[in-house]
Amino acid sequence: MDIQTLYTLFQATFQPDTNVRIQAELQLKQLEGTQGTLLAAMQIVGSDESELHVRQAASIYFKNAVKRYWFETEATPAHLKISPSDKEAIKGNILQLLASTPAVVRTQLLTVLGVILSNDFPANYPSYLGLVQNLLQSQEPKTVFVGLLALKELTRVYKFKVSEREHVEEIIAAFFPIIQQIGSGLVNANNVEAAEMLKIIFKCYHHTIQLDLSERLRDNASLIPWGTLFIQMVEKPLPTEGLPTDLEDLEKHSWWKAKRWAYQCLNRLYTRYGNPTALTSDSKYKTFATGFIQNFAPNILTAYLKQVELWVAKQSWLSPRCLCLIANFFEESVKDKHIWSMMKPHSETLITHFVFPQLCFTAADETLWVDDPVEYVHAKIDVLEDFNSPATAATNFMAVMARYRQNAFMQVLSLANNVLQKYNESPAESRNPREKDGALVMIGALAPLILRKKSLASNMETFFVNHVFSEFKSQYPYLRARACEMVNHFSELDFEDSNNTGIAFTNLMESLRDTQLPVKVTAALALRPMIRHDAVCEAMKPHLQFIMHELLSITNQIDVDTLAEVMDDFVEVFAQDLAPFAVQLCEQLRDTFLRICADMGPSADGVDDISDRAIEEASDKTMAAIGVLKTIGTLILSLESTPEVLNQLEIALLPVITFTLQNSIIDLFDGVFEIIDSCTFSAKAISTNMWGVFELIYKTFKDSALDFMEEMLPSLDNYISYGKEVFCTNENVQHSIYDIIETVMKSDRLSENDRVFACKLAESFILNCRGHIDKYIAPILNLVFYYLAPEEGIETVEFRVQATEVVMNTLYYNAPVALRLLEENGWTQRFFGVWFQNLDKFSRVHDKKLSIFALCALLQVPVEQLPPTLQSGWPQVLNGLLRNFEGLPVAQAKRKEMEKMYNIGSDDDDDEDDDYEDNADDDEEVTSDEDEEVEEEWVDDDEDVYDEGHEYLEFLAQQAAKKRGAGTDNDYEDNDNDDGDDDNDDDDDEEEEEDLEESIYFESPLDELDPYIVFREVFTGLQQHNPGSYHELTKAMTTEQQEFVMNLMQIAEANAAAAAAVEAAEAAAAREA
């Protein structure tokens, strides 16, 4: 590859002329896989003579190629595979390249190194450890720096890797004493290079303790020097010279990043391994935790308290991330009695001077609100954005303290009440609205705790009247938003005075009209739980169109998926009230969806690089789009009884479906297939427009939706069920369905779960197109028996059942043809063996009915036309029929119970509600008694606190211990050991062979058939018209079986009489009409 040509192309990617830039990118794309291109790009990256922007473009190109093609799969085109010689050349030069490139280029190369190590270390990169060792032992700081980078990428490979932990032990043994010594020599330095190296050292340590704390790191010989280094970093006063004055830049500075990683290492050691209350009784870290909590955790707490003291006194600055980590540590420290005893004397100071200032509305908050209200909502209101927020961490710390330690709870209440009282008593000009906001945040954070205590909850109505309602009219927008949020926090509170409920609702409606976006968002979120009040529901109905319009308007300004959840709830609750303007609403939802999709933009490729922020924004938009699709689906289903409206909705939604599928927006496929399912299911018919969508579904499946068989199945089943007239006559749609089935069944990259859904599609195809798809019966059987014929061809019960049912369907479709195909291919004995051996696995109502109808179809084949293997076992067919009839009432009873559970077809809802209300008073009395025992909510200061999930973790640990004790090898063939292990094996069998879950929403043409009536017709017809077959079938019948058959006949007669009576009544009603 000519290096100069390649250099010119990279240079052209920065040209202002769009045409020149696009042409260069296309040429670079064409060069992928050309021999020598990657090595030439690497030379350009490493050359000091190359322009920086060219080196950067080359490094991104190099990185993307390695990420795509270093690890080869079957799908990797041969011409794009990286040759072994090129791989060796890259591995041989990558570390040297890291040493000679600027930071902006080095970032790309580190990604390359990570990809190589993930795929090649240790087997195909055995020299790597030696290379890193040489770098770290150098006397040249720059060389040591590269060695640290190389080690960091290696430890990153094992950060979340459960297997191959022996390599982590090897890395720790070989390198950690060295890098700890390097770190100790750097911690007292003040230059930026030292900070960078310390940061990398701390990250290496953190990577190795993410999943496990090795024995070597648990040893005091390692823990003490490492822990000392971390605390030295935490306590280190940073140099003032050379540091940025802008706080955002300061947080990104290497020294503050190093501090942050020191905090993270200490926190991880404590919260994951060193806190006994977080561990199960059999944890291998229990001994370590006992020593850690006594000897080391106190030192961490002391260091953190000192940093907070300096921060409170404004003698030292703490970055937001460090504040967050300190609060995280404090939160965990509340739980252990020993550490809590040290923290307790500081609790009031921490609440007043550490927590409270962070909860108040700050100048930075105001700037963000004014400059970027959308970002403010994401940062302060959208819960998904809260993980790294110091205010959220401080709130969580306070809430945990108040939840478990009574004195802390009283301190929080006292502070909040004092602030609020002072605010009310002060003249307007001297009030501090920011402090009031902080006090309301405090009370809001304690809402779950307050609501659980009747004595406190009973005072909250007065609290709202005195401190919250007035802020709906505040001149400060953030207090208006806080008032809405308080209503949301206390949504489970029932006001004794119904007027106060009305005041809350009226003010929320006014806030929805506010000019400030954050106020509108908090009002919208608070309206959602208000739906539970009947009076509020009635009051909302005249305003529904306005509410939905505002919700859509807000969604068009900001992508918050919780807003879509609010809309979804409103559509579900007010379906009938929204019906008059459902089409308009649907069109607005469509436009919102298309706007979000347009904002997503195309994905980056080629030499482009995607920032983390861009990924976050794309994720926000994807979640918002998914939420809108869900609301559309709810709207469609709610209008199932209005076909004329549904038709208009279909037309309105075509752009949503076509845009998503044509552009292969995979993240939205699930939602769009649900929309198609809802449209076709609700209409119970396939319109011309939806037939166009079917063609698009098929094309999308072939292009990009192979992995979405499960999501596509309901829609495809609807097309076959409700469009069977077309399917029975149109060979193109028949071929499309068969091709989908064949592709899934033959694909190497799909699992048995996917093939289960392909079998279900095949079943729908055969059942609905009976008599019209003869040419596909043999190919479908071939697909199924590829897995069914071999003894070990199928692993899961569900796939075995579903594959067998495809064959049963072919018998029901055309028994003589199906039997001939089975016999010609030598499958007869294998199939009937699998079927009859697994009869108990066919446990659902549909399974039983299909078995009965397939066996009835067999009975109608003259015995002389049966395959010899089946003739000899002909009486077993009757036995199979009777076994299915025995199990049918049980399956029907189970299904009925499930239908009751989901309130399907039940007319007893009102009675159930009455029963519920009758028992409500008793429940309240019990709850009240519990609430009065307020002290039970707190833990004594001399006791440890265990999280609510601790008991469950203990249970899991005990189960795991039992499993280990019983042995992990499932050697069922070894029967020499009769010491009790067999019982465990039987339990395992029972767990594996649980009944398949009943599909209560599943519909098929068999639903209309009565199996008792069909059996009676076939059995009596056999007796009358084919006495030879009848004799062979019944010659071995026992007396009990004869009685059972007679009982089936009686049931059939009763069912037939009942059906005739219903038909006559319907006919009479029709004549009267």
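Tutor: Let us go through some terms together, setting values against definitions.

Tutor: This is a predicted model, so local features need pLDDT of at least 70 and side-chain atom pairs count only at pLDDT 80 or more, while totals for chains, interfaces and linings use all residues. Residues are numbered from 1 along each chain as its sequence is written, and side-chain values use heavy atoms, with hydrogens and water left out.

Student: How many helices and strands are there in the chain?

Tutor: The chain has 56 helices and 0 strands. Helices are DSSP runs of H or I with at least four residues, strands are runs of E with at least two, and both are numbered from the N terminus.

Student: Where does helix 37 have a kink?

Tutor: The kink, of about 40°, lies at Leu 653, shortly before the proline Pro 655. The bend at a residue is the angle between axes fitted to the seven residues ending there and the seven starting there. After helix 37 comes Ser 664, with a positive phi near 50°.

Student: Why is Tyr 263 called buried?

Tutor: Buried means under 20% relative accessible area, exposed means over 50%, and partly exposed is in between (1.4 Å probe, protein chains only). Tyr 263 has a relative accessible area of 0%, so Tyr 263 is buried. Of the 1073 residues of the chain, 51% count as buried. In helix 12 the buried residues include Trp 226, Phe 230 and Met 233. Among the elements that cover the buried residues of helix 12 are helix 9 (165-186), helix 14 and helix 16.

Student: What makes a set of residues a nonpolar core?

Tutor: A nonpolar core consists of buried Ala, Val, Leu, Ile, Met, Phe, Trp, Tyr and Cys residues joined through side-chain atoms within 4.5 Å. The largest one here has 362 residues, and those with the most contacts inside it include Phe 330, Phe 354 and Trp 835. Helix 14 (residues 254-274) gives the most to this core, with 11 residues.

Student: Which residues is Phe 354 in contact with, leaving aside its neighbours within four places in sequence?

Tutor: Contact means heavy atoms within 4.5 Å. Among the residues in contact with Phe 354 on those terms are Val 308, Trp 311, Phe 330 and Phe 397.

Student: How many aromatic pairs does a search of the whole structure find?

Tutor: The search finds 55. Rings of Phe, Tyr and Trp (its six-membered ring) pair if their centres lie within 6.5 Å; planes under 30 degrees apart count as stacked, over 60 as edge-to-face and the rest as tilted. For Tyr 263 and Tyr 304, the ring centres are 5.0 Å apart and the planes are at 55°, so this pair is tilted. Tyr 263 lies in helix 14 and Tyr 304 in helix 16 (residues 297-312), so the pair ties together parts that are 41 residues apart in sequence. Tyr 304 is buried, with a relative accessible area of 0%.

Student: Why is the pair of Tyr 787 and Phe 799 called edge-to-face?

Tutor: Their ring centres are 5.5 Å apart and their planes are at 65°, so the pair is edge-to-face. Tyr 787 is in helix 44 (residues 774-788) and Phe 799 in helix 45 (residues 797-813), so the pair ties together parts 12 residues apart in sequence. Tyr 787 counts as buried at 10% relative accessibility, and Phe 799 counts as buried at 0%.

Student: Which peptide bond is cis?

Tutor: The bond from Phe 121 to Pro 122 is cis, with omega near 0°. Pro 122 is in the loop between helix 6 (103-120) and helix 7 (128-136).
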